[in-house]
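Work through the exercises below with the sequence and the coordinates at hand. Each task is followed by a stepwise solution.

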Amino acid sequence: QVQLVESGGGLVQAGGSLRLSCAHSGHTFSNFALGWFRQAPGKEREFVAAIGWDGSTTYYHDSVKGRFTTSRDNAKNMGYLQMNNLKPEDTAVYFCAADRVLMTTTRYYYWGQGTQVTVSS
């Protein structure tokens, strides 16, 4: 059973940065693609970024391109989402997700519990 635990969320001013981490356990981490998603109050969960098993393939939502970077360290079983130049509209609960297939949809099989990111103006 794969378990995912996000950390690194918090309150930051607009223009600031945060780095989210996703700790993976339960199966061989390098067998899985990682996705990052977010959900704001009253809105549907939306795709943010995704990274393939070896880190060579990444995808980003247009709204975060040039500001967010996803990466992974397979030796440490960790995934990361570096968020720079944060905007108030980035405020949401952020989730990491894992699946054997790299996708930009919410069809990932395994999900973390989420971490809150709040950006003040």
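**Charges over rings**

Exercise 1. Find which ring lies under the charged end of Arg-72.

Solution. The charged end of Arg-72 sits over the ring of Phe-29, 4.3 Å from its centre. The criterion is NZ of Lys or CZ of Arg within 6 Å of the ring centre and within 35 degrees of the ring normal. Arg-19 lies over the face of Tyr-80, at 3.9 Å from the ring centre.

The model is predicted: local features need pLDDT of at least 70, side-chain atom pairs count only at pLDDT 80 or more, and totals for chains, interfaces and linings use all residues. Residues are numbered from 1 along each chain as its sequence is written, and side-chain values use heavy atoms, with hydrogens and water left out.

**Aromatic pairs**

Exercise 2. Classify the pair Phe-32 and Tyr-110.

Solution. Rings of Phe, Tyr and Trp (its six-membered ring) pair if their centres lie within 6.5 Å; planes under 30 degrees apart are stacked, over 60 edge-to-face, the rest tilted. A search of the whole structure gives 6 aromatic pairs. For Phe-32 and Tyr-110 the centres are 6.0 Å apart and the planes at 75 degrees, so this pair is edge-to-face. The rings of Tyr-109 and Tyr-110, with centres 4.8 Å apart and planes at 80 degrees, are also edge-to-face.

Exercise 3. Is Tyr-109 buried or exposed?

Solution. Buried means under 20% relative accessible area, exposed over 50%, partly exposed in between (1.4 Å probe, protein chains only). Tyr-109 has 62%, so Tyr-109 is exposed. Tyr-110, at 16%, is buried.
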